[in-house]
Amino acid sequence: EYFDTHPRIDISFELGGVVIENGKRLDEKFLKHEAEMLKVTLENEGVLTKEKISDVRWGENSYEKFSDQAIKKIILRINKKLEKYVFVAVPTIGYKLIERV
């Protein structure tokens, strides 16, 4: 159920940490690693694993060094900046980007 086909996620990027959702520039600037996580998510059909979050944020093979709580904080910060989309937890995998309801 977590990997059902959803409508295409319309997110694009400009220089300086600017994220565009459905043609609208978001007011909040995204940190470099936050924008990179969104890019990786889009490349992987809306799915972002905890391991990939750690790789992007802290470097390759760093997942064992950081807690799930640190990863959740990153996702919460990204979710606060997004308007139309939100990351939801997928047990044992990571997160899926979906439209807000």
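**View 1. The buried side of α2.** K50, I53, S54 and D55 are the buried residues of α2 (buried is under 20% relative accessible area, using a 1.4 Å probe and protein chains only). Their cover includes α1 (32–43), β4 (47–49), α3 and β6 (94–99). Just past the end of α2, G59 takes a positive phi of about 110°. Keep in mind that this is a predicted model, where local features need pLDDT of at least 70, side-chain atom pairs count only at pLDDT 80 or more, and totals for chains, interfaces and linings use all residues. Numbering starts from 1 along each chain as its sequence is written, and side-chain values use heavy atoms, with hydrogens and water left out.

**View 2. Where α2 meets α3.** The axes of α2 (residues 50–58) and α3 (residues 68–81) come within 11 Å and cross at roughly 80°, with each axis a line fitted to C-alpha atoms over the stretch in contact. The two helices are therefore roughly perpendicular (65 to 115 degrees). On the α2 side, the contact (heavy atoms within 4.5 Å) uses K50, I53, S54, R57 and W58, and α3 brings D68, A70, I71, I74 and I75. Sorted by type, that's six nonpolar, one polar and three charged residues.

**View 3. Stepping back to the whole chain.** The protein chain has three helices and six strands (DSSP runs of at least four residues for helices and at least two for strands). From the N terminus on, they run β-β-β-α-β-α-α-β-β. The C-alpha trace spans about 40 × 35 × 20 Å along its principal axes, and buried residues make up 39% of the 101 residues.

How values were computed
Axes fitted to C-alpha atoms, helices over the stretch in contact; angles between N-to-C directions. Parallel < 35°, antiparallel > 145°, perpendicular 65-115°, else oblique. Nonpolar A, V, L, I, M, F, W, Y, C, P; charged D, E, K, R; others polar. Buried < 20%, exposed > 50% of the residue type's maximum accessible area, 1.4 Å probe, protein only.
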